[in-house]
Amino acid sequence: MKDHFNPEGGLTIRDLRYSRGDFHLQVDLSLSKGSLNCLLGPSGCGKTTLLNLIAGFVPPQGGEILLGGRDLTLLPPHRRRVGVVFQDYALFPHLDVLHNVLYGIKRRFPSLPAPRQIARAREYLDLVRLSGWDKRSVESLSGGEKQRVALARALAPEPELLLLDEPLSALDAGLRVSLRREIARIQAETSLLALYVTHDQEEALSLSDELFLMNRGRILQGGRPEEVYRRPGSLFAASFLGGANFITGRLDQGEGTFLTDAGRRLGVCPSPGFVSGPGRLFFRPEDGRFCGLPENPEAGDFNYFKARLVKTEFLGAFRLFHLLTEEGPVILQAPAGEALPEGELWFKVPRLCCLGFSGQD
Amino acid sequence: MIKKKESLLFLLPLLFLGVFFYLPLGFLFLFPGGTATLAGPRQIMEVLGDPYYRRVLGFTFAQAALSTGFAVLLGLPGGWFLGRFDFPGRRALLSLCSIPFVLPSLLVVLGFVLFFGNNGYLNRFLQSLTGLREPPLKILYSLRAVILAHGFYNFPVIIRCTAAACRNLSPSRRRAAASLGAGKPGVFWTVTLRELISPLLSGAMMVFLLCFMSFSVILVLGGGPRYSTLEVEIYRLARLSLDFPQAAALGFWGTACTLLMRGISLRLQKKAAVISEGGGSPPEALRPSGGILMGVYFFFCAVFVLGPLVSILVNSFQTLPSRGAGAAFTLRHYRELFGGGALGGLTINALGNSLFFGLATALLVMPAACLAAFGTAGEKNRLGRELLFMLPSGVSSVLLGLGYLRLRSLLSPGPALGRIFILAAHVILAFPFVLRHIAGGIRSLPPRLSEAASVLGASGTDLFFSVRLPLIKGTLFSALVFAFCLSLGEINTVLLLAPRNFNTLPLVMYRLIGAHNFYAACVPGVLLMALSGLAFWAMDKTAEGKIERSF
């Protein structure tokens with residue numbers, strides 16, 4: 001137990017490779033200690049595979065995994081000191097709640113006297129607010145309670161890294177939100193390095209210190225959630241996370257402008273890998289504001305669009321406006337109470353919010 | 001590293017199979033003795049050319065098909081009732097339906113004689129009803145008897161399959177069909193029937209196999225060479241004519257047919273399992289009219305299935321003081337358990353042997369099957385190994401016994417050898433079923449649990465004992481009991497291999513039945529019944545006793 005707690009313990013993954021059929025995973029990833037990180041991606045993108053590789057359930061075909069300076073790559077799962085919370089809980093049906101939590105403690109701290117082991121297990125049951133549930137059989141628990149036990153079980157042996165594999169996806173919406181906050185609280189209390197896999201954007205945005213977007217076996221972008229949301233690094237990132245409007249045209253790198261297919265010149269912020277040629281202009285639905293007829297649509301800090309309202313969608317706190325512009329269809333989001341201007345319908349988007357991406361698919 | 005060691009463990013059971021299964025059978029086919037030196041292709045083909053053996057083969061299939069058809073007819077309504085409706089006693093009835101898997105066939109034979117015989121309870125009841133002098137039903141020693149006995153003791157299998165299939169019917173598929181414009185008959189033809197047919201066929205195939213390989217029912221109730229099946233014919237050739245090459249050649253065809261059918265059966269089971277995925281119809285409440293129909297159905301089932309078994313119990317307390325006189329109550333047969341009379345203490349000795357062989361079989365087959373099951377479970381390319389392990393399920397017990405006989409004739413026959421061979425035969429015969437049962441249990445373990453345990457620090461034997469073993473405890477126990485039952489009721493190899501003065505309960509029964517001493521035969525019958533009942537009860541207790549999946 002001498003190097004059990006390593007305060008320098010971050011996770012570093014270098015050139016980790018895994019292939020199966022025509023699925024190829026190749027990942028570089030660095031997580032700083034004590035942080036809660038989310039891995040977000042569409043189903044089949046390889047996020048669970050990455051988790052299985054880190055936990056050691058699947059051997060990689062290349063690369064290395066370092067945790068707090070220890071090389072995990074060749075270690076079997078039981079020696080990695082990595083905790084896993086599974087989507088389907090994977091509680092041991094033949095053990096009661098207490099013994100599920102004790103399972104890992106007994107193996108990580110075998111020399112600890114039994115009463116101390118039990119006391120430790122109870123501490124973790126307290127942490128997930130299941131005090132006094134020791135003798136309950138796990139079959140009798142609800143989904144949310146099972147996931148709390150699973151969390152306590154994963155935390156109890158004091159792992160250096162906690163992996164959570166879509167832990168809330170089997171639960172219903174309300175429970176998901178409250179348990180999500182619980183997980184954030186517990187992670188903050190234990191300041192344990194955690195990697196949380198999900199396909200739920202809201203979960204990822206609200207939980208993460210850092211958010212990583214994954215697609216087709218690669219991590220495309222990582223950073224603070226606001227950063228990833230405001231400055232998507234690729235067409236995929238822009239369209240996968242949050243709502244997106246795209247206008248097709250040509251990018252001009254020298255002038256920093258965008259010539260729409262309809263022949264208008266718009267201001268644009270460059271994105272990584274931005275080159276002159278066919279491209280797309282991107283902005284979020286909430287970035288546009290309705291306005292009256294602009295004095296000079298070509299100048300200023302905004303791009304202006306003339307639009308015709310096709311239909312509106314009421315979503316409670318806000319409304320989605322489906323619009324048709326010269327440049328194609330656009331969706332804007334505005335507070336539900338906001339009234340549309342009289343006369344000609346125009347909207348403006350700050351040029352800073354318009355990102356240009358090379359390529360059109 | 002651990003993986004490699006684990007996968008080497010399967011070599012041990014393989015070695016055992018090699019010595020006690022592949023070696024004697026190899027010997028039988030390569031050096032069958034007699035004039036031929038090889039029961040090679042020529043002899044094997046010649047056997048088929050003989051019209052007599054062709055007829056035997058044909059009859060084997062015919063009686064199995066007729067028996068299966070009868071069992072399906074009997075079982076379908078029961079399965080429908082138990083699958084569709086909920087009523088008190090439903091669970092008990094369902095679990096009673098797995099009795100055929102543990103009931104020794106010789107008990108069926110004896111009960112059948114006592115109940116359906118010319119002087120049996122059914123005929124006496126009908127005579128007292130009609131006042132006829134002659135018994136109205138002359139069933140025994142005919143094809144009818146064989147089909148009735150097979151049908152009555154296998155239809156519970158059909159009930160279980162049908163009930164499970166009905167329970168798995170998918171209501172949403174039915175509703176989807178209805179919403180797409182199918183009327184009631186349309187829904188039945190296009191959805192319900194498709195969902196029922198595979199599990200039903202799989203159950204029917206199981207029954208067909210049991211009837212195809214059936215031995216004592218044919219031997220006793222068939223009553224003579226007119227109704228001889230492959231199994232019985234092989235036995236006669238080996239035991240009476242001592243024509244080993246011919247017996248081996250016939251055995252070859254029996255094995256080929258059985259293996260083929262087992263293959264079909266496995267495919268059907270897989271298909272049935274796929275179809276039943278995602279289904280699930282909650283049972284409905286039973287209407288009074290349906291309740292009456294069901295009551296009548298199960299009453300007659302009880303009479304015809306339990307009647308023969310109860311007859312054994314009743315007759316064990318009876319004796320015929322003189323020919324023509326009525327039966328009188330007596331405890332004589334039970335007293336003779338301990339010496340004197342027709343039984344002369346045979347039975348208590350046989351009871352000891354049966355218990356010993358049953359327990360020894362169970363205890364020997366478990367480690368072998370466990371090693372084989374765990375050795376193959378994790379492997380991707382396990383087909384070859386599984387085939388090696390499952391081959392004994394295609395070979396009839398009579399043929400296996402024959403192999404041992406042949407081997408014994410080459411060794412110096414000591415009195416112990418026969419017992420060792422009987423034990424080995426029982427272990428080999430139980431092995432594939434126990435293996436399949438355990439392997440099924442292992443496969444049903446969620447792999448996530450092992451992963452969860454491994455990240456919590458468990459590995460190797462710790463992982464095995466802390467997670468996998470506790471989770472398949474029930475399966476292991478029912479496998480153990482199942483092996484005990486298989487050995488308890490087994491008579492084919494005992495008949496072939498028993499040394500002089502060696503008895504088991506079925507063997508004593510068989511001899512007493514052969515001597516038409518039915519009353520005395522009931523005493524070992526009752527003991528056998530009690531043991532099987534106890535085993536059945538224990539298996540039912542563990543809830544995981546879904547033995548039919550292992551067939």
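Predicted model: local features only at pLDDT ≥ 70, side-chain atom pairs only at ≥ 80, totals over all residues.
## A walk through chains A and B

A:Tyr89 has a positive phi of about 70°, even though it isn't a glycine. Is this residue buried or exposed? A:Tyr89 is buried, because its relative accessible area is 13%, and the cut-off for buried is under 20%.

Chain A has another residue of this kind. A:Glu158 is not a glycine either, and its phi is positive too, at about 50°. You'll find A:Glu158 in the loop between α4 and β7 of chain A. With a relative accessible area of 26%, A:Glu158 counts as partly exposed.

Six strands of chain A make up an open sheet with mixed pairing, in the order β6-β7-β8-β3-β9-β10. At its edges are β6 (82–85) and β10 (218–223) of chain A, each pairing on one side only. On average, neighbouring strands in this sheet are turned by 20° against each other, if you ignore direction.

Now look inside that sheet. Strand β3 (residues 36–40) of chain A pairs with strand β8 (residues 194–198) of chain A in the parallel sense, over 5 bridges. To spot the pairing, look for A:Leu36, which stands opposite A:Ala194 in β8(A). There's also a helix to find here: helix α4 (residues 143–155) of chain A lies across β6 and β7 (161–165) of chain A, and runs at about 175° to β6(A).

Chain A has some other strand pairings to visit. Strand β1 (residues 11–20) of chain A and strand β2 (residues 23–31) of chain A pair in the antiparallel sense over 8 bridges. β1(A) and β2(A) form a hairpin with 2 residues between them, and A:Gly21 in the turn has a positive phi of about 60°. β1(A) also pairs with strand β4 (residues 62–67) of chain A, again antiparallel, over 5 bridges. Here A:Arg17 stands opposite A:Gly62 in β4(A).

Next up are the aromatic rings. How many aromatic pairs does the structure hold over all chains? There are 36 of them. One is formed by A:Phe236 and A:Phe240, whose ring centres are 5.2 Å apart and whose planes are at 15°, so this pair is stacked. A:Phe236 and A:Phe240 are 4 residues apart in helix α8 (residues 235–240) of chain A, which means about one helical turn separates them. A:Phe240 counts as buried, at 18% relative accessibility.

For a tilted pair, hop over to chain B. B:Phe81 and B:Tyr297 have ring centres 6.1 Å apart and planes at 50°, so this pair is tilted. The pair links distant parts of the chain: B:Phe81 is in helix α4 (residues 51–84) of chain B and B:Tyr297 in helix α14 (residues 288–315) of chain B, 216 residues apart. B:Phe81 is buried at 11% relative accessibility, and B:Tyr297 is buried too, with a relative accessible area of 14%.

B:Phe70, B:Phe112, B:Phe115, B:Phe116, B:Phe152, B:Phe155, B:Phe299, B:Phe300 and B:Phe304 form one aromatic cluster. Back in chain A, rings also have charged neighbours. A:Arg136 lies over the face of A:Trp133, at 4.6 Å from the ring centre, and the charged end of A:Arg280 sits over the ring of A:Phe246, 5.3 Å from its centre.

Finally, step back and take in chain B as a whole. Its secondary structure comes to 24 helices and 4 strands. Of the 551 residues of chain B, 56% count as buried. Chain B exposes about 24,600 Å², with carbon and sulfur atoms supplying 68% of that. Among its contacts between residues at least 6 apart in sequence, 78% join residues at least 24 apart.

One last stop in chain B is B:Ala177, in helix α9 (residues 171–179) of chain B. B:Ala177 counts as buried, at 13% relative accessibility. Leaving out residues up to four places away in sequence, B:Ala177 touches B:Ala182, B:Val187 and B:Val191. B:Ala177 and B:Val191 are 14 residues apart in sequence and 7.4 Å apart in space, C-alpha to C-alpha.

Notes:
Residues numbered from 1 in each chain as written. Chains lettered and ligands numbered in written order. Heavy atoms only, no water. Buried < 20%, exposed > 50% of the residue type's maximum accessible area, 1.4 Å probe, protein only. Contact = heavy atoms within 4.5 Å. Areas by Shrake-Rupley, 256 points an atom, 1.4 Å probe, with all protein chains shown as cover. Pairing = 2+ DSSP bridges. Phe/Tyr/Trp six-rings, centres within 6.5 Å; stacked < 30°, edge-to-face > 60°. Lys NZ or Arg CZ within 6 Å of the ring centre and 35° of its normal. Axes fitted to C-alpha atoms, helices over the stretch in contact; angles between N-to-C directions.
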